[in-house]
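Me: Could you walk me through this structure, starting with how its chains meet and then how some helices pack?

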Amino acid sequence: MRVSMDIELKDIPGQLILALRPVSELKGNLISVVHHHEKRTPRGTIPVQLVFEIKPDKLNDIVSSLEENGIGIARIDEKKFFEHGAVMLIGHIVHTDIQDTIDTIDKTGYAEVVDLNLSMPKINMASSASLKIDAISKEHMESAIALLKEIAKKKDLLVIEPIKSIGVA
Amino acid sequence: MKTIRVSIIGFGAVGQGVARVLIDKKEYLEKLGLDFRVVAVADSRTATINENGVDLSAVLVRKQSEGVVGSEKLTGLEIIETIDHDLIVETTPTNIVTGGVGLQNMLAAFKHGRDVVTSNKGPLAMKYGELIEVAKAGGSRFRFEATVGGAMPVLNLANDVLAGNTITNVEGIFNGTCNYILTRMMEEHAPYEQMLAEAQELGYAETDPTYDVEGIDTACKLVILANCVFGMNATHEDVTITGITKITPEALLLAQNEGYVIKLIGEVNDSRINVAPKLVPIDHPLAVGGSLNVASVQTDLSGPITVTGRGAGSIETASAILSDMISIYRD
């Protein structure tokens, strides 16, 4: 997941390194570091904004490590899902228990169905749906879609995925 | 001037297209120092032979008016085996179950050391490895750009133009009939059956559209790509296939609202060969409409290279055949 964190550093040498080390030690991936040296807090500390990606179960370790080093944390904003995907479904989507289809994805914990548009032309005709799925990472998105395809196979639904090269071309 | 004695085996739309192109481009070919002298033409029932060069215009007229190319009863195979010539343009119909007469023609041609240029994908989708081996043993040159995507150059692009690059993936639309049907379904918000009927009326789709709409035609082209570009030894049984018959106009509309079009996409890389309807962003280079074909070749050095063109049509396919003929014999 992606975490945006506002921390406060004492104005003495070596503090920034001290703050970044736990992120790298716990295999986090730093996205950006903005050091607001000119904007001191009323407490005389220097505000720094960090953005990094980290496995969700490691975030607490980072927080403890920062606190142990005497670094103040003013705000943590975690964004669990930053991979967005879309798929289409065609078939008897409603008659084959749409709630169950959605629940199976949601229950994974790493992906969620966040939007659904359904079109049902006639009662006996195949329906079509567009599904938006959010997931923790690209790999988790692939797992979620693989899971959806398994469910779809059992329910005789056609899953239409996006082409792979979207980010490349 | 280099004279190359040629036979055209199979005189349907593509064979006739080749004859027309050879007439139209005669001067251009002479400037290149090439005289493609057609010494034999065969259709499924008759043949015409002239060692000094068949009058192609007369053969075209006769085919149009009488439905046959000549009065001789020689088969294509007999021509390949008995008439002394250099190059066989193999344009008999595709048969992906047995390889059809095309397979026999090609094997016989290589046995006699003759070169082959073809648009017939059946034999290549069936017996690629064997054909390449026999061609090599006979010292024959073998080109088949027209088998994948008609006028759209993808095999020669990947193998010749992009030489030095490692090709990591090829994906695209390789069937104009499916692309036409899906494009029209989206434009008219009309059901699949209705737009299939329209495509059949316009001659884009066969009376039995199974090969096209079930994705089998695309699968055969992917097999040729897999073997020719990725050095695999694949057959159409190695392809996972989903066709377009279940696509609804509602799905196309929902996709459009999300910024996508639905296309029948063929994809090949060293781990998978797959045909399935896919969501393509509306502004993506693969989102071409009508009956066009498109291929995006992913390379290590050059990134993605995308080509688009007409995947069928007699003159368009003949253009790919002519290009192969020139590339074999131009020094």
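This is a predicted model: local features need pLDDT of at least 70, side-chain atom pairs count only at pLDDT 80 or more; totals for chains, interfaces and linings use all residues.

Me: What area is buried between chain B and chain A?
Reply: The contact (heavy atoms within 4.5 Å) takes 25 residues from chain B and 23 residues from chain A. Buried area is the accessible area (1.4 Å probe) that two parts lose on being put together, summed over both. Carbon and sulfur atoms give 68% of it, and the total is about 2,000 Å².

Me: Which residue of chain A forms a salt bridge with Glu258(B)?
Reply: A salt bridge is a side-chain nitrogen of Lys or Arg within 4 Å of a carboxyl oxygen of Asp or Glu. Two are counted between chain B and chain A. For Glu258(B), the closest N and O atoms are 3.1 Å apart, and the partner is Lys132(A).

Me: Which element gives the most to the side of chain B that touches chain A?
Reply: Elements are DSSP runs numbered from the N terminus: helices (H or I, at least four residues) and strands (E, at least two). Those giving two or more residues to this side are helix H12 (249-257), strand S9 (260-268) and strand S10 (273-281) of chain B. With five residues, the one that gives the most is S10(B).

Me: How many residues apart are Arg5(B) and Asp84(B)?
Reply: Their side chains meet in a salt bridge, at 3.1 Å from N to O. Arg5(B) lies in strand S1 (residues 2-9) of chain B, and Asp84(B) in the loop between helix H4 (76-82) and strand S4 (87-90) of chain B. The pair links distant parts of the chain, and the separation is 79 residues.

Me: How far apart are the axes of H1(B) and H13(B)?
Reply: Axes are lines fitted to C-alpha atoms, for helices over the stretch in contact, and angles run from 0 to 180 degrees between N-to-C directions. H1(B) and helix H13 (residues 314-329) of chain B pack at about 60 degrees, with an axis separation of 8 Å.

Me: At what angle do H1(B) and H3(B) pack?
Reply: Residues of H1(B) including Gln16(B) and Ile23(B) meet residues of H3(B), among them Leu56(B) and Gln64(B). The axes of helix H1 (residues 13-24) and helix H3 (residues 56-66) of chain B are 10 Å apart, and the angle is about 150 degrees.

How values were computed: Residues are numbered from 1 along each chain as its sequence is written. Chains are lettered from A and ligands numbered from 1 in the order in which they are written. Side-chain values use heavy atoms; hydrogens and water are left out.
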